[in-house]
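Dear colleague,

I am passing on a structure for you to look at, and below it I have written out what was found. Please keep it open beside this message as you read.

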Amino acid sequence: MKRLILLAMAFIAQQSMAQQQLSQDKAAIKKMCGCHEVTFEYTETFPTDSNYKPKGYKKITDAIEYITVAEEGDKRIVLQHLLIAEGDVIKHWTEDWQYENQTLLAFDKDNTWKKKQLPAAQVKGQWTQKVFGVDDEPRYEGTATWVHADGRHYWEAASDAPLPRREYTTRNDYNVLRRINHHEITATGSVHEQDNEKVVRADGKDKVIVKEKGLNTYDRTDESKCSTAKEWWEQHQQFWALVRKNWDKLYAANSTVTLQKKVNNEPLYKAMSTLEKKAYAKELTGVALEKEIAATLQQFAANTDMGLK
């Protein structure tokens, strides 16, 4: 009897610690929200070929980014980034954080992602950060444990990704960006540190051409600087919730996703912008709007293996 009591007490203590960890994790994720002045810095470092000349240091300053919770559940937090540039609001990237998630959509190469199942034991206590682009199209996903120790709160994971938007229209000498993403809460906001490798993936082999260091710094600023972004999100968040919902359906239904760069000579962002404007003007609503969103995504994922679970 005494042994059963001790086991029960140990189980309760373990559950309490797990719940405390979960609460700390969620608090850290949501601490990345708010109005921020952002600095983006990148530089290539070590080439593998002595003939390759690393690209120079790049720095982008004077950017304002508003980050808000778009969706939240017991084990899921979706953060939406909104960039304010020259007075205009631009829907930026989306972070979908999922607790003890076993399904990753892993980037392969050449605009193709493949579903990857992980064992429950491997992801116990971990959070998957699923990163999506401006139209909530797939980018990259990684899973790791949030660490809360010595006054620090950080998460770090490796993942393969397509070329970043700062290079995908200007480079074709590599086709995979192997990323190590480090997110850490700071006294003034947060940092997103990257240790990247630019990889040529072909015939089942990877060749690293150069390494890269990235540092994105988010410093909290006066919330009034983000008033236009807050207003914009109030007006457009329902549309983007529908977009996420239909992407989720597409991801769930397929083991491989391949995106077309253009459909009818038009990129995805233009097609989605047209739908967004129609939704905002109430020209397209309800079931009709959702059908158009679903049809658009299906067109751009035309080579996706529909029906596979």
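Two strands are said to pair if DSSP finds at least two bridges between them, and the strands themselves (E, at least two residues), like the helices (H or I, at least four residues), are DSSP runs numbered from the N terminus. The model is predicted, so local features need pLDDT of at least 70 and side-chain atom pairs count only at pLDDT 80 or more, while totals for chains, interfaces and linings use all residues. Residues are numbered from 1 along each chain as its sequence is written, and side-chain values use heavy atoms, with hydrogens and water left out.

To begin with the sheet, the bridge partner of G34 in β2 is I67, and β1 (residues 34-47) pairs with β2 in the antiparallel sense over eight bridges. Both belong to an open sheet of 11 strands, in the order β8-β7-β4-β3-β2-β1-β13-β12-β11-β10-β9, with antiparallel pairing. At its edges are β8 (138-144) and β9 (147-149), each of which pairs on one side only.

Turning to the interior, a nonpolar core is a set of buried (under 20% relative accessible area, 1.4 Å probe, protein chains only) Ala, Val, Leu, Ile, Met, Phe, Trp, Tyr and Cys residues joined through side-chain atoms within 4.5 Å. The largest has 40 residues, of which F239, W247, M272 and I293 touch the most other members. Its largest share, 10 residues, comes from α3. A second, separate core of 26 residues includes L22, M32, Y99 and W155.

With best wishes

Methods: Buried means under 20% relative accessible area, exposed over 50%, partly exposed in between (1.4 Å probe, protein chains only).
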